[in-house]
Amino acid sequence: MQYRTFKKINEKTSLLGMGCMRLPIDSNDTVKEEETIRIIRDAIDGGVNYVDTAFMYHNGQSEKILGKALKDGYREKILLADKMPIWFAKDEDGMRTIFEKQMTRLDTDCIDMYLIHNVDRGVWKRVQKLNLIPYLEELKAAGRIRHIGFSFHDSYDFFLEVLDAYDWDFCQIQLNFMDKNHQAGVKGLKAAAERGLGVVIMEPLKGGRITDAVPPTVQKIWDEAPIKRTPAEWAFKWLANMPEVTVMLSGMNAESQLQENMKTLSDEHVADLTQEEKDLIDRVSDEYNRLIKYSCTGCNYCMPCPQKLDIPRILRYFNDWNIYEQNPSTKLEYTTWIPAGRHASDCIGCKACEEKCPQHLPISQAMKEAAEAMGV
């Protein structure tokens, strides 16, 4: 495994981090506990030493099962990352209750890397209103958390504002070769590094969109590469090529994904890219962004929908409709697998989802367009 260092806090981390937002689940959306524990422990045994979770992941199952996975000596081998969802707290007592619940779920006495979750302009106002940062400093002084950071979903300009608002230990941003100019983007990565912060990368594979069924026009470009690699390899190498990247989180929900990613990020040449290869990745990025109508990562923050619509699934079908040249099979799958009463046409435009979407997508408009495309 290749390693880098959070320079400001002198913490050594594996370049590959284990993200616990997309764990293996059964048909009832219940996390498969034994399989999850095995994957997490195999990751740690393979050299991964950064493991990330959050309060709402899998409706709290993520923290609980991670706590179990870190028994038997595994807790001491990693940097444990968790986050404060301040929007769930009605007042200062509420945020304290959330933290204590996290500690109970994880069954630990200290969280190494503690972040303010999903910072945007609205969340930041609540951070200030509830005096969250002084509370985090209190927790740090008591030894209950070790390092203070934030995860971010807003504009580059606002990212700079947040960066300079506090003496952060580290930060976390969304970045992949399709989103290089989205939100904080590459410019934000470099700005954080210039301030001495280590940077955790989320969505390096764009929620699996980069590795799932590859559009024909994209595959045609990949095929031009002199050295053949999987889309995941290209995505990780693109990020590893930037020394400002400290660790990349991947939500690996299968042993095969874990083994492939560990192999890629254990290569001592993972950060090497020729100019020809960089140009090829840029062409792939441009083609994806031309094809994808709505850049959903499938994070499920928009859920639950008051109308019980599976918003990420509908957007996935709509994007596939555009990516794969309006293939009739896409419409057939949509009408077959999306239940009556929960189609895009059933959206009432309440926009509750848009308030929670980290990508700030115009979901109600997307539902109208999807309904028109799919006919229901």
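In what order do the 8 strands close into a barrel? The order is β3-β4-β5-β6-β7-β8-β9-β10, with parallel pairing; two strands pair if DSSP finds at least two bridges between them. The model is predicted: local features need pLDDT of at least 70, side-chain atom pairs count only at pLDDT 80 or more, and totals for chains, interfaces and linings use all residues. Residues are numbered from 1 along each chain as its sequence is written, and side-chain values use heavy atoms, without hydrogens and water.

Strands β7 (residues 145-152) and β8 (residues 170-174) pair in the parallel sense over 3 bridges, and Phe 150 stands opposite Cys 171 in β8. Helix α6 (residues 156-163) packs on the sheet and touches β6 (111-119), β7 and β8, where contact means heavy atoms within 4.5 Å. The direction of α6 makes about 160° with that of β7; axes are lines fitted to C-alpha atoms, for helices over the stretch in contact, and angles run from 0 to 180 degrees between N-to-C directions. Helices (H or I, at least four residues) and strands (E, at least two) are DSSP runs.

The structure also holds 2 cavities of 30 Å³ or more. On a 1 Å grid over the protein atoms alone, a cavity is a set of points where a 1.4 Å probe fits but cannot get out, and lining residues have an atom within 4 Å of a point. A volume is the space filled by probe spheres set on the points.

| Cavity | Volume |
|---|---|
| Largest cavity | about 100 Å³ |
| Second largest cavity | about 80 Å³ |

Among the 14 residues lining the second largest cavity, Cys 296, Cys 299, Cys 302, Cys 357 and Leu 361 are the closest to its centre. Helix α12 (residues 311-323) gives the most to that lining, with 3 residues.

Conventions:
1 Å grid on protein atoms, 1.4 Å probe; cavity = no way out; pocket = protein on both sides within 12 Å on 5 of 7 lines; lining within 4 Å.
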